Structure formats: C-alpha cells, structure tokens
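Colleague: Hi! Could you walk me through this model, one piece at a time?

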Amino acid sequence: MEVRSSNVKKNIRDTCDSILKNLESPPKKKQRINLPNDPYCKESSEQISENVSSVNLYKVVSFSKKEIGDSLILTLTRLNDETNSEITCSLFDSWSNVNINKNYLVHILTDAENDGNYILNDSKGFLIVNPQHILSGTNILSALHCLKKAVLSWKFKENGSNSSYMVLGTLLHNLFQTAISTRCYSKTELNNLLIDLLKQRKIINQLYECDLDEEAVLKETAVYLSSIEKWLRDNVVNQSKNLVKNLHIGEIHDIEESIWSPKYGIRGNLDLTVRAEIKISAHKPLLSMAKKENLNQTQNHVIPIELKSGRTTFSVEHEGQVMLYSLLNYEKRKQSDFGLLLYLKDMSMKFIKVNQNSLRGLIQLRNDLVHYVSSNKLPEFKNEDRICSKCSLLTVCSLLSEKNITTNDSLIYSSSIKHLTEADKSFFFKWYKMLELEFGDYKQFDAGETLWWKSQNELESSGFAVFNLKFDPKSEASETEKEGFNSFLFAKIDSEINRNLLIKENDMILLSSMTHNHIGIAQGFIKTINSDNTQFCLLLDKQLEKIKTDQLYRIDKINFRSAINLNYSNLSRLMNANERSLELRSYVIEKKIPEFDKSLPKHHVLSNKAILKTLNKSQQASIIKALMAHNYLLIKGYPGTGKTTTIAALIAILVNLGKKVLFTSFTNSAVDNLLLKIVHQYSIDFMRIGNYDRIHPEIKKFELNSLTNGIKSIKELETFFKEKKLIATTCSSINNSIFNKLDFDYCIVDEASQVLFTTCLGPLYICKKFILVGDLEQLPPIIKNKDARLMGMNVSLFEWLDSNEGSIELVHQYRMNREIMNLANVITYNGKLECLSSSTANGFIGICADFLSSIRLEKIRKIFTESIIFIDTSNTTRSIEKIDPEDKNENRTVNKTESEIVDKLVKIYFKFGEISSADDVGIIAPYNNQVKEIQKRLSSHSKYKEIEVNTVDQFQGRDKKMIIMSFTNSIIKSEETKELEILNDKRRLTVSITRAKQKLILIGSRECLIRYKSIEKLIEYLNSKNLITVPDNINEFYF
C-alpha cells in the first residue's frame, strides 16, 4: 500500500510556483532553515555528517491518512535500533501529500517534540524519503516540467546523442573555467584558449557528431568573448579596496567539484567553487545578511558559481539548481548558504540564497522522483501539448499511457503511436514487462543503502567497500588512455587481507575522504588490484591536485546502469516511426523470412578466390549465402567449426567489395579474437571502440582514442572515419555517441545466441543488412528472474529468427578428436559434426608407459588410456559442504572429494603426461564455491596456479587440450527442485564437453546425476562404450 498525492500534476505546478515565487521575492524575515550549524538547529552538525543513522534516520512501519487536519501520520522505528521502539511523525500542509511506502527510510530534519515524536509542516523541518538514493541536482530539476519524463529517462536513455547546443555549452563552460583558473583575461587570450580547446580530441569528436566545424563554432562563440572579458576584468582582476564593482573573485577552490550529501539525498557537480569578496548590500537576495550599522560592509564567502551558456532567463530550473548546489556547498563547508547564477552570453548574474519555502519544494520534488523510480511506477499522464510535442520520449510515454488517453486529450499522443500495429504494441509490452521483472530488483540508483548507513566492519565484510586507504605519493597523477581519467595508486594502511572483497578490476567506484568525511570527491574505475587486495590503482575523473598523503580515503562500488538502460532504449527505438525501425519490426515482430539472390555476380567470387580457397565447403557456402542475402542471415557455427575464421574471411571479402562493416559480439574477448585473426591474416584498416583497459594488448593501438590522438581538426576526423571500412565493438558499447554519425552496409554479430534479445537490437539500427552467428545448443542469454525466463526472455534474437530458409550451418570441426566429437554428436548435434583433419581426429594425450605399468587396478589405468572417461564417485566418501547450512543457494556447494581427485589428476598429467603448460588444461565446475575450492588446492604450486578453473559460463568460446569437469553435486534432491538446477541445463553440458580437444575427464556421482535427462543420456552412451570407472574409495588414486 502507498499514499499518493491526489493530483500529481497540481502538486508539481504548485511546487514550481512556490519555488518561483520565493526565488523572485525572498522572504522579508529571516527564516529558520534546518541546515547544519544553523543557529536554529540544535543538532550537532558533526554528528549529522559523521553518522546520519544515529540522528534522525527511521524506517516506516506503517502510515495512515487523517481526514481531520488533513495530516499523514507515519509510525517509525529508528534504523538499527534493536529495541524496535516506535515513534510517530505527523505531516501537515504540503508534507501530508508525500508519497510513502512501508519499509521506506526517512530522514527527519527537525527537532523532536517533548514526547519524542515529530511534527512537520510548511514552516518547520524537512522529510527526506529514501535518502540513501542520492540524486543529482540536474535529475531533480528535470522533473519540474514533467515528472513522468524524468522517471522514464531513468530507463529510456537517449543513445548518447549530443546536440549542437549542448556541445557549444560544454565548450563555453571549459573556456570560462580555463580562463579564470589560468588568469587569461584579455579577448586575445580568450580567443587563443578557444582555438586550443577546439583542438582537443573530446571537443573535436563532439563537434563532428553534431556536424559543426571550427569556423561555425568560432562565429557562434564570438559574441561571448567580449562579455566574458569585461566580466573577468571587473570581477576577477585585482581591484581597489573599495570594491567598486560589488564583487571580487579571489581564490579558485575547485572546478567541477563533486559533492554528495546522504543527509539530503542530493549530489551535484559544481561548475566553479570560488572564494569571493562581496558587498552584501549591493545584492538584493543577500540583504538579510547585511548589518544595519554598516550597509557598505564586504564579506568573504566560498560560493558555487553555476554557468549557463543559453539565453538569460533566470528560470526556475536554473535558480533551483543554484539553490541545491548552495545547499551542498553549505553542507561541506558549513558556511555561505548562497551561490551565483551567471549567464555567459551577456554575463547577467544573480545571487540565489537558500530559503525554507523553495528548498521545501525542491526536496518534495526529489522525494517524488525517488518514490516513482524506486517503486518502479509511473506518475500520471501529463497531457500538455507545448511540452509533450517536443519530447524525445513521446512514443514510449504514449504507449505506456495509452489506457489513459481519451478523446479529450491532444491528438499528438494517439498520433505518436498510430504507426504501430497491435502486434507491435503487444511485443513492446511483453518485453517491457520482462525487462521490469529481470532488472526491477537491480539497484535503480548509483549507490545503494549499504553505502552510507552501515558500520565500517559491516561494509567491508559485505565486500563492496574498502576503508583506510592512503594515497601513494610515488604514483604521480597521470593521464591515461581512457580520456578524461587520471591514474592514482592507493594502499591500505593495515595489512589485513580482505578475503571477502567483491570489488574487481573495471568496476565503477566512488572515492571519499574519511579524514574530512567528504563523500564522493571523485568517481572512476578500478584499473588494477594486487593479489592480496591491499593496493588499488584507480582511474578517476578528477586530477585531485589537493590530494593529501596523510589523509585516509575509502572506495565504494557503485552501480553502472548503462547496460540495463541500453535494453530499454533499444526496445523504445524499435517502436519509432522511421524507415529502419519499420523494416526491423517486419523481421523481429512479424518474423518475415529473409530473401536471397539466386546467384552472385561472377566477379564477386573471382576477385575473392584466394580467400575462398583457404576455407572448407561449409565455410564457403556460408559466405556465399551471406553475400546473396537481401536483409539478414543466421550462421550456425558449431563447436570448433571455425566461426572466427569464417567471419574474418567474410569481412575481408566485404571490404574488398567496398562495403563498410560493423562487427560486434557479446564479449570483449570475442571481439578481439576476431580482430587478432584480421591482423594476422588480412590487411584491413580497422578501428576498435570500447573500454581501453578491457582490450587485448595487441589490439590497443587500434582503439579509437589511440588512433585519433594526433587529430587536431574536424576535417581530419571526418577523413579518418571515411577511411575505416571495419569498426568493431561489443553490443553493449553501441551507445557510444560516435555511432550516431556512422552507418554500415553490414553488421555481423558473433555469439548472437548468447546476447540478450534487446541488447542485440542495438547494432541493427545502423546497418542495411545483418549476419547473426551463434549456436543454439550452447549457452543462451543469462536471465536470473524465473518469471522472466518463463515468459521467454532467455530466447535470443538468434533463436527467435531461426528458420531453415534463413540459416546455414558450419559442420566441419577442427577442435575435438574423434571420440569427443562422437560424444557431442550423440548428446547434442545428431551426427552433424564432421572432422576433415586426421591429425585432429586422432589427437590424444599420451602418458608415460612406466607410470601406466605401475598402476595395479585396470579401472584406474583406464583413466589414462581413454580420450573420454567418467569417474563415478558414488562409492567414494562423500564430502559435500556449504558455507552456510541454512543457505539454499546451490551455487555455494563444495565437494572436497572431487576437488581432491582433480588435484591428483592434474599433478599426474604434469609429471607423467604430455602436458607442458598450464594453458593446456581447463577445469570446469558448475558452482562458484567448487571453483574456489579447486583453485585453493592448485595454488600451492606455481606450476598449477596458472591453470584456468572456472564455471561453464566463463568457458564459452574457449578450448583446452584437456578438460576436467567436476559435477560437484552428489546430493539427491527432490524431483520438484531439479528443474531449477544448473545441472539440468543441457546447453551447459554441451559447452562443457565440447571445450576439450584431446582429453575429457568427467567426475561425479552417477546415482545422483542419472536423474537429469541430458546427463542420463551422456552416462548411457559412456556406459555402452565402457568409459565409466567406479573407484571404491579415494585411496585408489594414491599410487
């Protein structure tokens, strides 16, 4: 149950009116605002800052609406209070309309009454709903005109597009910030700075995306330079003591300062933070601060300056933004609760002071936004032509509001979706529901509640935070290949190793100062972590020039929603009215069968004869059919059949024919494996787009920023992109804004059967034809939510489009020897796999004859003489453990007996077998804890430590000379639960057995595993071939 405002639209309008009224006409009387260190706030600011949970942070137990007095009564318990004693908070006036749910957290910013309960009204106090969710000021103010758009924007992000207005604004911001920090005040100096900025790679990329050139930008920005020069000379250049211009900017404290406030659930990046000398009486909003006996007094304050490059409006959004940033600045420095709004075009400026009424409206707006996003609900339909007609989310908003659209509403809503059929709408709602099911439990915000409200011990034991870090002075801040990021090294001051650490390389993190209790001083990524989890190399978005070696810092893992948002955006894009979306809907929703030419032009084959000659028949047939496709083709690449070889050859032929190709895949490793093949076999000029630190070392030099590092003009960049005939990236990196400028003749998606349906759609919007490559018998998209799986979310686009007419198979494999291939054919591929190479077919890992002769038992000797063997542990001592006996998560299962057998086999093969490198061996287990158990056993020797031990999912697309698989689970469970178990997945079994080239050892309890149909078929086949051995006990493995 929830309490909602009776009229959300009216509430937001009232909020806007209230903010506007108070911004234009500050109150005559000084108002009592509950800010830290406010003389009217009795609470200790130090206590609030250090531990909000120990002050006024509560959990909602229940709530009720009182008709008399129009109030809302919350029943609350203090967070982490073991007594569970309850208090009430009575909300009156506009606070009575707050959206609230049971179990929400609320932070009460006012003093308790004498009886220990709270009362809030429009003139007293604030209520922060779910303060653990820290929203940016920009997000909050975006909700002023349309709360629904602000909520939808949380999911349906635009595809990284930059408008010319945004790019020019960024450029002018950078110009002003650089000028004031480098003391360049003359028009000539400003013009030189502007020219230098136009040579920066990031700016050039943004201008290229918006079809702007340097000449147009210089002309557009010329009008700003004179105004900026005059303002800088009047207010920054040294002035006489009488402060003739009423304002003097002194020290620059920070540029793009990041401040996070868990107290208010708000964060922001301040354009400029400066120390300013101000003649208070000269600025109307600050008059209440002036002393009557000295109206001409000047005061020094550290204040935020918010820069705006558009026309001067002093709008509610702009002034509200300054007010929120002033609040954050006050929170951090405990002084100066006002800021400066400055328009760069004519340098109009205005001081904005925090006041009770306006701040209340902004906080209530923040609370509404948090409520709708965290509860996965949408506000009411807005129905305002002026705002809605230009909205980028009009189509998706109209779809989600269709039931509420009436004949009295504007025609723009029904018109925005009239191009969609009922089948289109049904498809949209089905996938929207599945996305909500799968991602609904995922953190909706950058930082979850564990980030702020728990103790240091609790946070570190959770694995998502690291405390007591010091900056290593030996590591100077250095620019990295990841543009806009700087590298810093931090080390723990204590030597205790955190075994529970779940933060890993490439995770997104937040850096905070423990010494000063400043949260969120920078964001970035983990570049590297040393082996004992005590040293962390961070890539941070700030230079942090004032970072101190004697201060303590902490890092927290924060959520990265871009991959999730990409799926919503791709779904929304499919519903657009443009020609490409219409064509894709015909394939994706109507399942239109692809068309093919009856033949190829002769010169297409002759000119590429040298490439085709290197391929086998099924590879040649696949490429020829791809060239004949009018719209799309599916290539079914079975294990070891040379998918990468086929794709590389196809790309080489397409480039020879003058086509532009986009290559994408599910993983970075798959993208780079293809590019390595291109590098070594073909002379193709290509470019790699993606996270630099996740790119293969040999491919890094082809990464976008590495290739464009020397480009200094837009014309050069334009020429550069025209010359690139092949661009490669992952499916999830397709939201890079550069793709808004690019289009391709062909898109090839590798691992397509493993890519989530909506993720796979992204690359298809920017190509004319697409080729999907995958294997339906291997791993599908990973879907965690059971209901979403039952609805079909684990069906990939590859599987959805599969048809005899629109697909072709690769069947000639070069990986598995004859015995392993036959097993794969029996279990999965129905005899389709063939082996054309006798050396591959006869491959075998030999073992020392003297060692074999020393083994007394034939059933043990067989383990080393057969290419495939199943070691049945049914008779051996069972040793199944769990980390927590009450934990029902099967992923925590450990089998020490099987891990001991694995350990023995590895050591025997390294000592007596034809295994020379750790890279020859792969060990697979279905559960993470069994993986860790085996890794722990092997780590005792450096030779075995490098052996790859992983789950099935991590081995997809890989192969090893020898594979050992520990099935792990030997506990017979009920029939009702087995359907949910990993071991019941035939595709995981297929992946496991087809990773092996010459040796496959399977270890498990036959009496347990026989319950699973796919494994039952495996065991029956192996039994028929006499490839099962049953040791009586573990001691039989000691020779």
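Modeller: Happy to! Let's begin with helix H7 (residues 201–209), which is mostly covered: eight of its nine residues are buried. Buried means under 20% relative accessible area, exposed means over 50%, and partly exposed is in between (1.4 Å probe, protein chains only). Helices (H or I, at least four residues) and strands (E, at least two) are DSSP runs, numbered from the N terminus.

Colleague: Before we go on, where do the numbers come from?

Modeller: This is a predicted model, where local features need pLDDT of at least 70 and side-chain atom pairs count only at pLDDT 80 or more, while totals for chains, interfaces and linings use all residues. Residues are numbered from 1 along each chain as its sequence is written, and side-chain values use heavy atoms, leaving out hydrogens and water.

Colleague: Thanks. Which residues of H7 are buried?

Modeller: They are Arg201, Ile203, Ile204, Asn205, Gln206, Leu207, Tyr208 and Glu209.

Colleague: And what covers the buried residues of H7?

Modeller: The cover includes H5, helix H6 (187–197), helix H8 (214–235), helix H23 (704–707) and helix H24 (714–723). Just after H7, Asp211 takes a positive phi of about 60°.

Colleague: Let's switch to aromatics. How many aromatic pairs does the count come to?

Modeller: The count comes to 29 aromatic pairs. The rule is that rings of Phe, Tyr and Trp (its six-membered ring) pair if their centres lie within 6.5 Å; planes under 30 degrees apart count as stacked, over 60 as edge-to-face and the rest as tilted.

Colleague: Take Phe156 and Tyr568. Why is that pair edge-to-face?

Modeller: The planes of the two rings are at 80°, with the centres 5.4 Å apart, so Phe156 and Tyr568 make an edge-to-face pair. Phe156 lies in the loop between helix H4 (147–152) and helix H5 (164–182), and Tyr568 in helix H16 (residues 562–574), so the pair ties together parts 412 residues apart in sequence.

Colleague: Is Phe156 buried or exposed?

Modeller: Phe156 is buried, and so is Tyr568. These two also belong to one aromatic cluster, formed by Phe156, Phe428, Phe429, Tyr432 and Tyr568.

Colleague: What about Trp431 and Phe757?

Modeller: Their ring centres are 4.9 Å apart and the planes are at 40°, so that pair is tilted. Trp431 is in helix H14 (residues 422–439) and Phe757 in helix H25 (residues 757–764), so to speak of distant parts of the chain, the two are 326 residues apart. Both Trp431 and Phe757 are buried.

Colleague: Where does the charged end of Lys591 sit?

Modeller: The charged end of Lys591 sits over the ring of Trp800, 4.1 Å from its centre. Likewise, the charged end of Arg1011 sits over the ring of Tyr1012, 5.1 Å from its centre. "Over a ring" asks for NZ of Lys or CZ of Arg within 6 Å of the ring centre and within 35 degrees of the ring normal.

Colleague: New topic: strands! How is S25 placed?

Modeller: Strand S25 (residues 726–730) is mostly covered, with five of its five residues buried. Leu726, Ala728 and Thr730 point one way, while Ile727 and Thr729 point the other way.

Colleague: What about H28 and H37?

Modeller: Helix H28 (residues 818–829) and helix H37 (residues 986–993) pack at an angle of about 170°, with their axes 10 Å apart. Axes are lines fitted to C-alpha atoms, for helices over the stretch in contact, and angles run from 0 to 180 degrees between N-to-C directions.

Colleague: Which residues of H28 make the contact?

Modeller: Ile820, Leu823, Ala824, Ile827, Thr828 and Tyr829 do, and from H37 come Lys986, Leu989, Thr990 and Ile993. Contact means heavy atoms within 4.5 Å.
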